Amino acid sequence: MITSQPKLSAVDLSLKRVFSIDVFRALTMLTMIFVNDLWTLSGIPVWLEHARSDQDFLGFADTVFPCFLFIVGMSIPFAIRQRLSKGDSYAKIVQHIVIRSVALLVMGVFTVNVPDLNARATGISAEWFQILMVLGFFLIWNQYPKGEGSAKALFMGLQLLGVVLLIYLAVVFRGGPNDKLVVMTAQWWGILGLIGWTYLTCAILYLFTHKQPLLLAGLWLFFSLVCIAGHAGWLHALWPDGPRDWILGNGAFDSFAFAGILATTLLTHLYRTEQTHRLPTFFAGIGVLLLLAGFVARQFFIISKIQATPTWVFLCCGIAFLVYAVVYWLVDLRGKANWFDLIRPAGTSTLTCYLIPYVYYSVADLSGISLPQSLAVGVIGLLKSMLFALVVVGITALLGKLRIKLKL
(Lines give C-alpha, C1' and ligand atoms only; values in the text may rest on other atoms or scores of the structure.)
Protein backbone atom coordinates (compact mmCIF):
# COMPACT_ATOMS: atom_id res chain seq x y z
CA MET A 1 0.00 0.00 0.00
CA ILE A 2 1.35 3.42 -0.99
CA THR A 3 1.04 6.06 1.69
CA SER A 4 0.43 9.67 0.70
CA GLN A 5 3.33 12.07 0.68
CA PRO A 6 3.26 15.17 2.90
CA LYS A 7 2.16 18.26 1.06
CA LEU A 8 5.14 20.32 -0.08
CA SER A 9 5.42 23.71 -1.67
CA ALA A 10 7.67 24.25 -4.68
CA VAL A 11 10.28 25.79 -2.40
CA ASP A 12 10.04 22.88 0.05
CA LEU A 13 10.51 20.44 -2.80
CA SER A 14 13.54 22.37 -4.02
CA LEU A 15 15.17 21.75 -0.65
CA LYS A 16 14.13 18.08 -0.56
CA ARG A 17 16.38 15.42 -2.07
CA VAL A 18 14.54 13.42 -4.70
CA PHE A 19 16.57 10.23 -4.52
CA SER A 20 15.24 8.86 -7.79
CA ILE A 21 16.98 11.66 -9.70
CA ASP A 22 20.32 10.78 -8.09
CA VAL A 23 19.74 7.12 -8.88
CA PHE A 24 18.73 7.87 -12.48
CA ARG A 25 21.85 10.02 -12.85
CA ALA A 26 24.00 7.28 -11.31
CA LEU A 27 22.58 4.62 -13.61
CA THR A 28 23.11 6.85 -16.62
CA MET A 29 26.71 7.66 -15.67
CA LEU A 30 27.46 3.99 -14.97
CA THR A 31 26.03 3.14 -18.38
CA MET A 32 28.01 5.94 -20.03
CA ILE A 33 31.29 4.61 -18.66
CA PHE A 34 30.26 1.11 -19.74
CA VAL A 35 29.43 2.06 -23.35
CA ASN A 36 32.51 4.30 -23.58
CA ASP A 37 34.59 1.21 -22.84
CA LEU A 38 33.04 -0.86 -25.63
CA TRP A 39 35.77 0.32 -28.02
CA THR A 40 38.14 -2.04 -26.18
CA LEU A 41 35.97 -5.06 -27.06
CA SER A 42 35.26 -7.22 -30.09
CA GLY A 43 32.57 -9.72 -30.92
CA ILE A 44 29.78 -7.85 -29.11
CA PRO A 45 26.19 -7.29 -30.32
CA VAL A 46 25.86 -4.41 -32.79
CA TRP A 47 22.76 -3.11 -31.02
CA LEU A 48 24.87 -2.15 -28.00
CA GLU A 49 27.11 0.23 -29.95
CA HIS A 50 26.65 3.65 -31.52
CA ALA A 51 25.04 3.64 -34.95
CA ARG A 52 26.90 5.14 -37.90
CA SER A 53 25.96 8.67 -38.98
CA ASP A 54 24.02 7.53 -42.05
CA GLN A 55 22.54 4.41 -40.44
CA ASP A 56 18.83 4.38 -39.59
CA PHE A 57 19.30 2.66 -36.25
CA LEU A 58 19.16 3.35 -32.53
CA GLY A 59 21.96 1.61 -30.67
CA PHE A 60 21.79 1.26 -26.90
CA ALA A 61 24.80 3.58 -26.62
CA ASP A 62 22.87 6.25 -28.57
CA THR A 63 20.33 6.57 -25.76
CA VAL A 64 22.76 7.34 -22.93
CA PHE A 65 23.71 10.96 -23.69
CA PRO A 66 20.06 12.02 -24.22
CA CYS A 67 19.14 10.52 -20.85
CA PHE A 68 21.95 12.48 -19.24
CA LEU A 69 20.75 15.74 -20.81
CA PHE A 70 17.24 14.86 -19.59
CA ILE A 71 18.65 14.59 -16.05
CA VAL A 72 20.49 17.89 -16.47
CA GLY A 73 17.10 19.40 -17.27
CA MET A 74 15.45 17.72 -14.28
CA SER A 75 18.13 19.14 -11.96
CA ILE A 76 17.93 22.73 -13.21
CA PRO A 77 14.64 23.66 -11.43
CA PHE A 78 15.85 22.26 -8.10
CA ALA A 79 19.14 24.17 -8.29
CA ILE A 80 17.57 27.48 -9.32
CA ARG A 81 14.68 27.28 -6.85
CA GLN A 82 17.12 26.59 -4.05
CA ARG A 83 19.19 29.66 -4.96
CA LEU A 84 16.09 31.80 -5.20
CA SER A 85 14.92 30.56 -1.80
CA LYS A 86 18.26 31.68 -0.35
CA GLY A 87 17.67 35.18 -1.68
CA ASP A 88 20.11 35.14 -4.60
CA SER A 89 19.36 37.79 -7.22
CA TYR A 90 18.75 36.89 -10.85
CA ALA A 91 22.05 38.55 -11.76
CA LYS A 92 23.95 36.40 -9.27
CA ILE A 93 22.27 33.23 -10.53
CA VAL A 94 23.07 34.10 -14.16
CA GLN A 95 26.69 34.68 -13.14
CA HIS A 96 26.77 31.23 -11.52
CA ILE A 97 25.25 29.62 -14.62
CA VAL A 98 27.79 31.29 -16.91
CA ILE A 99 30.76 30.28 -14.73
CA ARG A 100 29.61 26.62 -14.65
CA SER A 101 29.04 26.62 -18.39
CA VAL A 102 32.45 28.12 -19.18
CA ALA A 103 34.11 25.47 -17.00
CA LEU A 104 32.37 22.71 -18.97
CA LEU A 105 33.29 24.35 -22.27
CA VAL A 106 36.95 24.57 -21.25
CA MET A 107 37.00 20.91 -20.27
CA GLY A 108 35.19 20.00 -23.47
CA VAL A 109 37.72 21.77 -25.68
CA PHE A 110 40.64 20.07 -23.95
CA THR A 111 39.15 16.58 -24.14
CA VAL A 112 38.25 16.76 -27.85
CA ASN A 113 41.74 17.91 -28.83
CA VAL A 114 43.67 15.12 -27.08
CA PRO A 115 43.06 12.46 -29.78
CA ASP A 116 44.71 14.72 -32.38
CA LEU A 117 47.77 15.53 -30.24
CA ASN A 118 51.14 15.33 -32.01
CA ALA A 119 53.44 14.12 -29.24
CA ARG A 120 56.68 15.12 -30.96
CA ALA A 121 55.53 18.65 -31.75
CA THR A 122 53.92 19.13 -28.34
CA GLY A 123 56.78 17.64 -26.39
CA ILE A 124 54.38 15.59 -24.25
CA SER A 125 52.84 12.21 -24.96
CA ALA A 126 49.08 12.02 -25.27
CA GLU A 127 48.96 9.91 -22.12
CA TRP A 128 50.84 12.42 -19.97
CA PHE A 129 48.96 15.33 -21.55
CA GLN A 130 45.70 13.69 -20.57
CA ILE A 131 46.84 13.00 -17.00
CA LEU A 132 48.05 16.58 -16.53
CA MET A 133 44.84 17.89 -18.10
CA VAL A 134 42.66 16.03 -15.60
CA LEU A 135 44.96 17.09 -12.78
CA GLY A 136 44.44 20.71 -13.84
CA PHE A 137 40.66 20.20 -13.80
CA PHE A 138 40.78 18.82 -10.26
CA LEU A 139 43.09 21.55 -8.99
CA ILE A 140 40.76 24.26 -10.25
CA TRP A 141 37.31 22.82 -9.66
CA ASN A 142 37.77 20.54 -6.66
CA GLN A 143 35.24 21.11 -3.89
CA TYR A 144 37.70 22.38 -1.33
CA PRO A 145 36.57 22.58 2.30
CA LYS A 146 35.82 26.01 3.64
CA GLY A 147 38.89 27.44 5.25
CA GLU A 148 40.33 30.68 6.56
CA GLY A 149 43.77 32.16 6.72
CA SER A 150 46.54 29.82 5.56
CA ALA A 151 44.09 27.06 4.55
CA LYS A 152 42.18 29.41 2.28
CA ALA A 153 45.44 30.68 0.79
CA LEU A 154 46.54 27.08 0.12
CA PHE A 155 43.32 26.24 -1.71
CA MET A 156 43.54 29.40 -3.80
CA GLY A 157 47.15 28.55 -4.58
CA LEU A 158 46.15 25.09 -5.78
CA GLN A 159 43.47 26.60 -8.03
CA LEU A 160 45.99 29.07 -9.45
CA LEU A 161 48.39 26.19 -10.08
CA GLY A 162 45.64 24.42 -12.00
CA VAL A 163 44.97 27.50 -14.12
CA VAL A 164 48.68 27.83 -14.94
CA LEU A 165 48.88 24.14 -15.80
CA LEU A 166 45.94 24.30 -18.23
CA ILE A 167 47.29 27.48 -19.84
CA TYR A 168 50.66 25.77 -20.32
CA LEU A 169 49.04 22.70 -21.88
CA ALA A 170 46.94 24.85 -24.21
CA VAL A 171 49.98 26.87 -25.32
CA VAL A 172 52.26 23.89 -26.04
CA PHE A 173 49.55 21.77 -27.68
CA ARG A 174 50.06 20.91 -31.32
CA GLY A 175 47.81 18.55 -33.21
CA GLY A 176 47.70 16.85 -36.58
CA PRO A 177 50.49 15.55 -38.83
CA ASN A 178 53.92 17.18 -38.82
CA ASP A 179 53.30 19.01 -42.09
CA LYS A 180 49.93 20.41 -40.97
CA LEU A 181 50.25 21.22 -37.30
CA VAL A 182 47.37 23.03 -35.62
CA VAL A 183 46.91 24.67 -32.24
CA MET A 184 44.14 23.79 -29.78
CA THR A 185 40.77 24.81 -31.18
CA ALA A 186 37.08 24.20 -30.53
CA GLN A 187 36.82 21.84 -33.52
CA TRP A 188 33.73 20.56 -31.75
CA TRP A 189 32.70 20.87 -28.13
CA GLY A 190 32.79 17.28 -26.95
CA ILE A 191 30.31 15.76 -24.53
CA LEU A 192 31.20 18.14 -21.70
CA GLY A 193 31.04 21.17 -23.99
CA LEU A 194 27.65 20.15 -25.37
CA ILE A 195 26.40 19.80 -21.80
CA GLY A 196 27.83 23.24 -21.06
CA TRP A 197 26.06 24.96 -23.94
CA THR A 198 22.81 23.13 -23.20
CA TYR A 199 22.95 24.00 -19.52
CA LEU A 200 23.74 27.66 -20.29
CA THR A 201 20.76 28.02 -22.63
CA CYS A 202 18.20 26.05 -20.68
CA ALA A 203 19.12 27.24 -17.18
CA ILE A 204 18.90 30.91 -18.17
CA LEU A 205 15.63 30.37 -20.02
CA TYR A 206 14.19 28.50 -17.05
CA LEU A 207 15.29 31.23 -14.62
CA PHE A 208 13.21 33.83 -16.45
CA THR A 209 10.22 31.60 -17.28
CA HIS A 210 9.94 29.23 -14.31
CA LYS A 211 6.67 30.77 -13.11
CA GLN A 212 4.95 30.01 -16.43
CA PRO A 213 4.57 26.25 -17.05
CA LEU A 214 2.87 26.77 -20.40
CA LEU A 215 5.82 28.83 -21.59
CA LEU A 216 8.20 26.07 -20.47
CA ALA A 217 6.20 23.59 -22.55
CA GLY A 218 6.31 26.07 -25.42
CA LEU A 219 10.09 26.23 -25.22
CA TRP A 220 10.35 22.43 -25.46
CA LEU A 221 8.03 22.55 -28.47
CA PHE A 222 10.08 25.38 -30.00
CA PHE A 223 13.38 23.49 -29.78
CA SER A 224 11.74 20.33 -31.11
CA LEU A 225 10.26 22.25 -34.06
CA VAL A 226 13.62 23.87 -34.78
CA CYS A 227 15.10 20.37 -34.93
CA ILE A 228 12.40 19.31 -37.40
CA ALA A 229 12.76 22.48 -39.46
CA GLY A 230 16.53 22.12 -39.64
CA HIS A 231 16.43 18.54 -40.91
CA ALA A 232 13.52 19.21 -43.25
CA GLY A 233 15.55 21.98 -44.92
CA TRP A 234 13.11 24.74 -44.02
CA LEU A 235 15.72 26.82 -42.21
CA HIS A 236 18.11 26.57 -45.13
CA ALA A 237 15.33 27.66 -47.47
CA LEU A 238 14.74 30.73 -45.31
CA TRP A 239 18.44 31.61 -45.23
CA PRO A 240 20.45 29.73 -47.89
CA ASP A 241 23.75 31.28 -46.83
CA GLY A 242 23.10 30.99 -43.11
CA PRO A 243 24.71 28.60 -40.61
CA ARG A 244 24.10 24.86 -40.95
CA ASP A 245 22.65 24.76 -37.43
CA TRP A 246 20.83 27.86 -36.21
CA ILE A 247 21.03 26.40 -32.71
CA LEU A 248 23.65 23.89 -31.57
CA GLY A 249 22.41 20.48 -32.69
CA ASN A 250 19.41 22.20 -34.32
CA GLY A 251 17.83 22.40 -30.87
CA ALA A 252 18.02 18.64 -30.18
CA PHE A 253 20.10 18.96 -27.03
CA ASP A 254 17.94 21.75 -25.62
CA SER A 255 14.87 19.64 -26.37
CA PHE A 256 16.20 16.83 -24.16
CA ALA A 257 16.97 19.23 -21.32
CA PHE A 258 13.59 20.97 -21.53
CA ALA A 259 11.88 17.58 -21.49
CA GLY A 260 13.65 17.06 -18.16
CA ILE A 261 12.60 20.53 -16.95
CA LEU A 262 8.98 19.67 -17.79
CA ALA A 263 9.37 16.38 -15.93
CA THR A 264 10.41 18.22 -12.78
CA THR A 265 7.61 20.77 -13.27
CA LEU A 266 5.11 17.91 -13.35
CA LEU A 267 6.82 16.27 -10.38
CA THR A 268 6.47 19.50 -8.41
CA HIS A 269 2.77 19.74 -9.29
CA LEU A 270 2.18 16.18 -8.15
CA TYR A 271 3.90 16.89 -4.82
CA ARG A 272 1.76 19.97 -4.32
CA THR A 273 -1.45 18.07 -5.00
CA GLU A 274 -0.40 14.92 -3.11
CA GLN A 275 -0.58 12.78 -6.24
CA THR A 276 2.96 11.45 -6.39
CA HIS A 277 1.61 7.89 -6.56
CA ARG A 278 0.37 8.79 -10.04
CA LEU A 279 3.75 9.93 -11.31
CA PRO A 280 4.83 6.57 -12.82
CA THR A 281 1.55 6.38 -14.76
CA PHE A 282 1.78 9.96 -16.02
CA PHE A 283 5.43 9.62 -17.00
CA ALA A 284 4.88 6.26 -18.67
CA GLY A 285 1.99 7.75 -20.65
CA ILE A 286 4.14 10.70 -21.77
CA GLY A 287 6.92 8.29 -22.67
CA VAL A 288 4.61 6.19 -24.85
CA LEU A 289 3.29 9.30 -26.64
CA LEU A 290 6.85 10.44 -27.37
CA LEU A 291 7.76 6.98 -28.68
CA LEU A 292 4.76 7.16 -31.00
CA ALA A 293 5.92 10.62 -32.13
CA GLY A 294 9.31 9.08 -32.86
CA PHE A 295 7.77 6.31 -34.98
CA VAL A 296 5.80 8.92 -36.93
CA ALA A 297 8.92 11.06 -37.40
CA ARG A 298 10.75 8.03 -38.75
CA GLN A 299 8.57 8.23 -41.84
CA PHE A 300 10.43 11.45 -42.67
CA PHE A 301 13.80 11.27 -40.89
CA ILE A 302 16.17 8.45 -40.02
CA ILE A 303 17.15 7.65 -36.45
CA SER A 304 20.61 9.15 -36.03
CA LYS A 305 22.42 10.38 -32.96
CA ILE A 306 25.29 11.79 -35.02
CA GLN A 307 22.89 13.85 -37.13
CA ALA A 308 20.70 14.63 -34.07
CA THR A 309 17.52 13.90 -36.02
CA PRO A 310 14.01 14.59 -34.69
CA THR A 311 13.33 10.85 -34.66
CA TRP A 312 16.26 10.31 -32.30
CA VAL A 313 15.05 13.17 -30.11
CA PHE A 314 11.47 11.90 -29.71
CA LEU A 315 12.45 8.27 -29.19
CA CYS A 316 15.08 9.08 -26.58
CA CYS A 317 12.83 11.55 -24.75
CA GLY A 318 10.24 8.78 -24.58
CA ILE A 319 12.81 6.31 -23.27
CA ALA A 320 13.96 8.82 -20.61
CA PHE A 321 10.40 9.32 -19.34
CA LEU A 322 9.76 5.58 -19.23
CA VAL A 323 13.00 4.77 -17.43
CA TYR A 324 12.49 7.53 -14.87
CA ALA A 325 8.92 6.31 -14.24
CA VAL A 326 10.34 2.92 -13.25
CA VAL A 327 13.16 4.41 -11.17
CA TYR A 328 10.80 6.76 -9.32
CA TRP A 329 8.37 3.93 -8.57
CA LEU A 330 11.16 1.74 -7.25
CA VAL A 331 13.17 4.36 -5.33
CA ASP A 332 10.76 7.02 -4.06
CA LEU A 333 7.51 5.08 -3.83
CA ARG A 334 8.80 1.65 -2.85
CA GLY A 335 11.74 2.94 -0.81
CA LYS A 336 14.39 0.80 -2.52
CA ALA A 337 17.06 3.50 -2.79
CA ASN A 338 19.43 1.27 -0.80
CA TRP A 339 19.49 -1.13 -3.76
CA PHE A 340 21.62 1.44 -5.56
CA ASP A 341 24.01 2.36 -2.74
CA LEU A 342 26.91 0.75 -4.62
CA ILE A 343 26.64 3.16 -7.54
CA ARG A 344 25.39 6.23 -5.67
CA PRO A 345 28.73 8.13 -6.05
CA ALA A 346 28.14 8.15 -9.81
CA GLY A 347 24.99 10.19 -9.18
CA THR A 348 26.42 12.61 -6.63
CA SER A 349 29.99 13.00 -7.98
CA THR A 350 29.14 12.70 -11.65
CA LEU A 351 31.88 14.84 -13.17
CA THR A 352 34.55 13.17 -11.06
CA CYS A 353 33.28 9.79 -12.22
CA TYR A 354 33.28 10.86 -15.87
CA LEU A 355 36.91 12.03 -15.84
CA ILE A 356 38.51 9.06 -14.06
CA PRO A 357 38.62 6.85 -17.19
CA TYR A 358 40.80 9.47 -18.92
CA VAL A 359 43.45 8.86 -16.27
CA TYR A 360 42.92 5.10 -16.22
CA TYR A 361 43.42 4.63 -19.97
CA SER A 362 46.51 6.84 -19.92
CA VAL A 363 48.08 5.01 -16.98
CA ALA A 364 47.27 1.66 -18.59
CA ASP A 365 48.98 2.71 -21.84
CA LEU A 366 52.03 4.04 -20.02
CA SER A 367 52.37 0.87 -17.96
CA GLY A 368 52.32 -1.34 -21.03
CA ILE A 369 50.13 -3.80 -19.14
CA SER A 370 47.07 -5.08 -20.97
CA LEU A 371 44.39 -7.64 -20.27
CA PRO A 372 44.43 -10.95 -22.15
CA GLN A 373 42.48 -10.76 -25.41
CA SER A 374 40.14 -13.46 -24.11
CA LEU A 375 38.77 -10.91 -21.61
CA ALA A 376 37.85 -8.45 -24.35
CA VAL A 377 35.59 -10.65 -26.47
CA GLY A 378 31.85 -11.26 -26.39
CA VAL A 379 30.01 -11.76 -23.12
CA ILE A 380 33.25 -11.96 -21.11
CA GLY A 381 34.27 -8.61 -22.57
CA LEU A 382 30.93 -7.05 -21.66
CA LEU A 383 31.31 -8.28 -18.09
CA LYS A 384 34.81 -6.79 -18.06
CA SER A 385 33.48 -3.39 -19.20
CA MET A 386 30.72 -3.45 -16.58
CA LEU A 387 33.26 -4.36 -13.90
CA PHE A 388 35.43 -1.50 -15.14
CA ALA A 389 32.49 0.90 -14.77
CA LEU A 390 31.88 -0.32 -11.22
CA VAL A 391 35.58 0.08 -10.36
CA VAL A 392 35.45 3.67 -11.64
CA VAL A 393 32.47 4.33 -9.35
CA GLY A 394 34.41 2.78 -6.47
CA ILE A 395 37.39 5.05 -7.15
CA THR A 396 34.99 8.00 -7.21
CA ALA A 397 33.70 6.99 -3.78
CA LEU A 398 37.24 6.67 -2.43
CA LEU A 399 38.21 10.10 -3.76
CA GLY A 400 35.09 11.52 -2.14
CA LYS A 401 36.22 10.21 1.24
CA LEU A 402 39.53 11.97 0.60
CA ARG A 403 37.55 15.18 -0.09
CA ILE A 404 38.45 15.10 -3.75
CA LYS A 405 35.30 15.86 -5.69
CA LEU A 406 34.68 18.12 -8.65
CA LYS A 407 31.89 20.62 -8.24
CA LEU A 408 31.14 23.47 -10.63
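1. Before anything else, a word on terms: "buried" here means under 20% relative accessible area. Keep in mind, too, that this is a predicted model.

2. With that in hand, take helix α6. Its buried residues are Phe 129, Gln 130, Ile 131, Met 133, Val 134, Gly 136, Phe 137, Phe 138, Leu 139, Ile 140 and Trp 141. They pack against α4, α5, α7 and α15.

3. Now look across at α7, residues 150-172. This helix has 23 residues and reaches 33 Å between its end C-alphas, again close to what is expected at 1.5 Å a residue, 33 Å. Its buried residues are Phe 155, Gly 162, Leu 165, Leu 166, Leu 169 and Val 172. An α-helix has 3.6 residues a turn, so residues three or four places apart point the same way. The cover over the buried residues of α7 includes α4 (90-113), α5 (119-122) and α6 (126-141).

4. Next, the second largest pocket, which holds about 1400 Å³ of space. It is lined by 46 residues, and those closest to its centre are Trp 188, Gly 190, Ile 191, Lys 305 and Tyr 354. Elements giving two or more residues to the lining include α2 (19-36), α3 (64-85), α8 (190-209) and α9 (213-232). The largest share, 6 residues, comes from α15. Sorted by class, the lining has 28 nonpolar, 12 polar and 6 charged residues.

5. Thr 309 is worth a click. You'll find this residue in the loop between α12 (279-297) and α13 (310-333). Is Thr 309 buried or exposed? With a relative accessible area of 2%, Thr 309 counts as buried, because the cut-off is under 20%. A polar atom of its side chain lies 2.7 Å from the backbone oxygen of Ile 302. Setting aside neighbours within four places in sequence, Thr 309 is in contact with Cys 227, His 231, Phe 301, Ile 302, Ile 303 and Ser 304.

6. Last stop: Ala 346, which sits in helix α14, residues 344-348. This alanine is buried, with a relative accessible area of 0%. Not counting residues up to four places away in sequence, Ala 346 touches Arg 25, Ala 26, Met 29, Cys 353 and Val 393. If you want a distance to check, the C-alpha atoms of Ala 346 and Phe 65 are separated by 15 Å, with the two residues 281 apart along the chain.

How values were computed
Residues are numbered from 1 along each chain as its sequence is written. This is a predicted model: local features need pLDDT of at least 70, side-chain atom pairs count only at pLDDT 80 or more; totals for chains, interfaces and linings use all residues. Side-chain values use heavy atoms; hydrogens and water are left out. Helices (H or I, at least four residues) and strands (E, at least two) are DSSP runs, numbered from the N terminus. The expected span of a helix is 1.5 Å times one less than its number of residues. Buried means under 20% relative accessible area, exposed over 50%, partly exposed in between (1.4 Å probe, protein chains only). Contact means heavy atoms within 4.5 Å. On a 1 Å grid over the protein atoms alone, a cavity is a set of points where a 1.4 Å probe fits but cannot get out, and a pocket is an open set with protein on both sides within 12 Å along at least five of seven lines; lining residues have an atom within 4 Å of a point. Grid points are joined across faces, edges and corners, and a volume is the space filled by probe spheres set on the points. Ala, Val, Leu, Ile, Met, Phe, Trp, Tyr, Cys and Pro count as nonpolar, Asp, Glu, Lys and Arg as charged, and the others, Gly among them, as polar. A polar contact is a pair of N or O atoms within 3.5 Å; within protein, one must be able to donate a hydrogen and the other to accept it, and residues adjacent in sequence count only if both atoms are side-chain atoms.
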